[in-house]
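Trainee: I would like to go through the terms used for this structure and see what each one rests on.
Mentor: Go ahead.

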Amino acid sequence: MTHFLTGLPLWGLALLLVVLPTALSMCVVILIRRRVGLERLASNNEIAGFKFATVGVIYAVLLAFAVIVVWEKFSGAETAVVQEAGAAATIYRLVDGSDPESVATGAAMGNYLRLAIERDWPAMDARKRSPDVTQALNELYGIAVRMTEKQTKDRAIYYEIFKQLDVITQARRTRLHLATGVVPPMIWIVLYVGATLTVGFTFFVRHKEPTGAGYDDRRPVLCRISWPSRYRLDQLSLYWSRAGRIRAACCSDR
């Protein structure tokens, strides 16, 4: 699912994540209110409000947890790529020379990096790994071993070369592992169920408008201001009158 969304263009994401869900939600609201009725929906608003608040808070916590997990995995993959590139650059500097062993090691390093970009990264997009890159890394280790047998450089340089090769191997394993998925399937299930409950709950809630003297619910309301008093709730509503002027109506809910 994640790979499918990241492969879509910007207009496709806007259509799939914004336009279509909004249009579907509006159609569902219209169908439910025609079938159930507004008065029936407004009868349990007091209890429904507390339930909606509880479900919304739980879903918000789970969504924040998923965002943190994705961000941490993304940072880990970025760090692994930087370490792999840094280790490759260090090996290039350590094998700098005109002897055949140094030239062969540098060529093997370049072959590994080329295959990693051309084949390993596209394979990671499909949650796989390229066997050609693994073979290139094995050949790089073999050339480094043969170079140590010739003893053309200092032992400290050979030690550092193998140390950087180990960094490359570990960094590649890390990015290949992270490419298999950053969010566990159970978290996806919980997020989908929570989104369905949170959005679906709003379809069955209707705010019951207060009525009173001078209040015309059929006129378009411009602004409504509510304030609590000691034993009632006063509401001031501004609306257009039939004469085209702004009128005010005050209602009390005792």
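Trainee: What share of the contacts in the chain between residues at least 6 apart in sequence joins residues at least 24 apart?
Mentor: The share is 58%. Contact here means heavy atoms within 4.5 Å.

Trainee: How far can the model be trusted, and how is it numbered?
Mentor: This is a predicted model, where local features need pLDDT of at least 70, side-chain atom pairs count only at pLDDT 80 or more, and totals for chains, interfaces and linings use all residues. Residues are numbered from 1 along each chain as its sequence is written, and side-chain values use heavy atoms, with hydrogens and water left out. The mean pLDDT of the chain (the predictor's confidence in each residue, from 0 to 100) is 76, and 74% of the residues reach 70 or more. Over residues 212-250 pLDDT stays under 50. For that stretch the model has 76 contacts beyond four places in sequence.

Trainee: How many helices and strands does the chain have?
Mentor: There are eight helices and three strands, in the order α-α-α-α-α-α-α-α-β-β-β along the sequence. Helices (H or I, at least four residues) and strands (E, at least two) are DSSP runs, numbered from the N terminus.

Trainee: What makes helix 5 roughly parallel to helix 7?
Mentor: Helix 5 (residues 100-125) and helix 7 (residues 155-178) pack at an angle of about 10°, with axes 12 Å apart. Angles under 35 degrees count as roughly parallel, over 145 as roughly antiparallel, 65 to 115 as roughly perpendicular and the rest as oblique. The angle of about 10° therefore makes the pair roughly parallel. The contact includes Met109, Tyr112 and Trp121 of helix 5 and Ile168 and Arg172 of helix 7.

Trainee: Why does Gln164 count as buried?
Mentor: Gln164 lies in helix 7. Buried means under 20% relative accessible area, exposed over 50%, partly exposed in between (1.4 Å probe, protein chains only). Gln164 is at 11% relative accessibility, so Gln164 counts as buried. Not counting residues up to four places away in sequence, Gln164 touches Ala87, Thr90 and Ile91.

Trainee: What makes Val167 partly exposed?
Mentor: Val167, also of helix 7, has a relative accessible area of 26%, and is therefore partly exposed. Beyond neighbours within four places in sequence, Val167 is in contact with Gln83 and Ala87.

Trainee: How do you know that Asn111 is partly exposed?
Mentor: Asn111, found in helix 5, has a relative accessible area of 24%, so the term is partly exposed. Asn111 touches Ala136 and Glu139, with residues up to four places away in sequence not counted. The C-alpha atoms of Asn111 and Leu137 are separated by 9.0 Å.

Key:
Axes fitted to C-alpha atoms, helices over the stretch in contact; angles between N-to-C directions.
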